Amino acid sequence: MTAVESGAPQGPLAGIRVVEIATFIAAPGGAHLLASQGADVIKVEDLVVGDPLRMFGSSRGGMSGWFANLNAGKRSLAMDIASPEGRELMADLLATADVFVQAYRPGVAERLGIGEADVRKRNPEVIYVSISGFGRDGPYSKRPAYDAVIQGWSGIAAVQGGDGEPQFVKSFIPDKVTSLTWTQAVCAALFARERTGRGEHVELSLLDSAVSFMWPDAMMDHTVLADDADHRPNVLAGYRLLACRDGYVAVMPLTDAHWKGVADAFDRPDLLTDPRFAEAGPRAAHFAEMLDTLGEVVADVARDDVVDWLVAADVPVAPALRPEEVAADPQVQHTGVVREVDHPIVGRIRQHRPAALFAGDTPELGPAVERGADTDQILAELGKTSDAIAELRAAGVVR
């Protein structure tokens, strides 16, 4: 039963069909986001392995929690797109797509007969999305790329290490930023198509997405190039958590009112007279020293007491929650951004919902499915009879 037939919320992208041929995170994560906004997303997987993300991390029944999170709300079509029959089926499917996203290295989609020019022959208005590691051309264009590689090339790892040893951010930032970037671009392209009737080609790379994401703040010291510029220490150089007696906190007293709140909360009037911290300008110039001083203030205080006292003083503060604490946090529970659901394959799982809500029209996503679970249904939508589908299955073209 469809959302329309059931009366369930459809989302703002209801009626938009997205076809995804990709693995892991950058493209599938974005397609998942479009599904959360109502799009009909068809994930095309090969017959041998499918998306390897199914096997990464904690799993049950052959499906990982990671895959279940990033592929909820999608339908799965498993077929051999390199065979002549598979190429024909892909052409039929892509003729029905509003958006097609592929994440092959440059040149591969064209060899498979699903390059932009091929798809536009039957579907000139499609929004065609090409995601690569380093771009369509250039000295690195043919290289393989994963999140760790891009964290190195984009400067992310070096920024985390400061003046010391480079470090990874322990989250797939380049992949997820690329997801957000291409989905935003697709929505803009769909909006433009409504006015012009023209389908866009959205091209982006993990490297460009990561560099653009990092540049405004992490690269602020490499932005103003004039010789007479007033260069000041990058506040991020001293960006750190503060150790309490039994945990860590994040404190960010940016305004004078915040700083007074800190002084009052800990009965430290001397903080208000220290010339380095008395006003916002000097505090920014002495940001690292300010954090050092705050670290001394909270060192022997319990984490939750620090948070409670500073919350009472209206100072921006947070505990550094451990992963096992996040889902139990009162605000997280109140908003329902993380919830427990029953998955037909994985069992009881804790899963995030989309962060953006649409009043009265945010769809409930179905669970991530087994590879090829929707093959027959999708082929029937393309006009294939049950006998024709059986022949394709017997020939090893689809599963």
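This is a dialogue on reading features of a predicted protein model.

Trainee: Where do I start: how many helices and strands are in the protein?

Mentor: The predicted model has 19 helices and 13 strands. Along the principal axes, its C-alpha atoms fill a box of roughly 85 × 50 × 40 Å.

Trainee: What percentage of the 399 residues is buried?

Mentor: Buried residues account for 43% of the 399. The accessible surface is about 21000 Å², and carbon and sulfur atoms hold 55% of that area.

Trainee: Among contacts between residues at least 6 apart in sequence, what share joins residues at least 24 apart?

Mentor: That share is 68% in this protein.

Trainee: How many positive and negative side chains are there, and how far apart are the centres of the two sets?

Mentor: There are 37 positive and 57 negative side chains, with the centres of the two sets 5 Å apart.

Trainee: How should I read charged side chains in pairs?

Mentor: In general, side chains of opposite charge can pair when their charged atoms come close. The cut-off here is a side-chain nitrogen of Lys or Arg within 4 Å of a carboxyl oxygen of Asp or Glu. By this rule the protein has 29 salt bridges.

Trainee: Which residue does Lys43 meet in a salt bridge?

Mentor: Lys43 pairs with Glu20, at 2.5 Å from N to O. The two are 23 residues apart, with Lys43 in strand E2 and Glu20 in strand E1 (residues 17-21), so distant parts of the chain are linked. Lys43 and Glu20 are both buried.

Trainee: Which residue forms a salt bridge with Lys74?

Mentor: Glu20 again: its closest approach to Lys74, between N and O atoms, is 2.7 Å. Because Lys74 sits in strand E5 (residues 74-78) and Glu20 in strand E1, this pair ties together parts 54 residues apart in sequence. Lys74 is buried, as is Glu20.

Trainee: Is Arg198, by contrast, buried or exposed?

Mentor: Arg198 is exposed, because its relative accessible area is 52% and the cut-off for exposed is over 50%. Its salt-bridge partner is Glu200, with the closest N and O atoms 3.2 Å apart. Glu200 has 28% relative accessibility, so Glu200 counts as partly exposed.

Trainee: Which residues are linked in a network of salt bridges?

Mentor: The network consists of Arg303, Asp304, Arg322, Glu324 and Glu325.

Trainee: Now the nonpolar side. Which residues make a nonpolar surface patch?

Mentor: Val48, Val49, Met55 and Phe56 make a patch of about 410 Å². Take Met55 as the example: it lies in the loop between strand E2 (40-45) and strand E3 (59-60). Its relative accessibility is 57%, so Met55 counts as exposed.

Trainee: How do I read the buried face of a helix?

Mentor: Start with the geometry: an α-helix has 3.6 residues a turn, so residues three or four places apart point the same way.

Trainee: Which residues of helix H11 are buried?

Mentor: In H11 (residues 256-265) they are His258, Trp259, Gly261, Val262 and Ala263. These buried residues pack against four helices: H12 (270-273), H13 (280-285), H14 (287-298) and H15 (303-312).

Trainee: One more loop: where is Asp228 found?

Mentor: Asp228 is in the loop between helix H10 (206-218) and strand E9 (242-243). With a relative accessible area of 71%, Asp228 is exposed. Its C-alpha atom is separated by 38 Å from that of Arg136, which is 92 residues away along the chain.

Definitions and conventions:
Residues are numbered from 1 along each chain as its sequence is written. This is a predicted model: local features need pLDDT of at least 70, side-chain atom pairs count only at pLDDT 80 or more; totals for chains, interfaces and linings use all residues. Side-chain values use heavy atoms; hydrogens and water are left out. Buried means under 20% relative accessible area, exposed over 50%, partly exposed in between (1.4 Å probe, protein chains only). Contact means heavy atoms within 4.5 Å. Accessible areas come from the Shrake-Rupley method with a 1.4 Å probe; for residues, only the protein chains shown count as cover. Lys and Arg count as positive and Asp and Glu as negative; His and the chain ends are not counted. The place of a charge is taken as NZ of Lys, CZ of Arg, CG of Asp or CD of Glu. Patches are made of residues with over 30% relative accessible area and no salt bridge: like charges are joined within 9 Å, nonpolar side chains (Val, Leu, Ile, Met, Phe, Trp, Tyr) within 5 Å.
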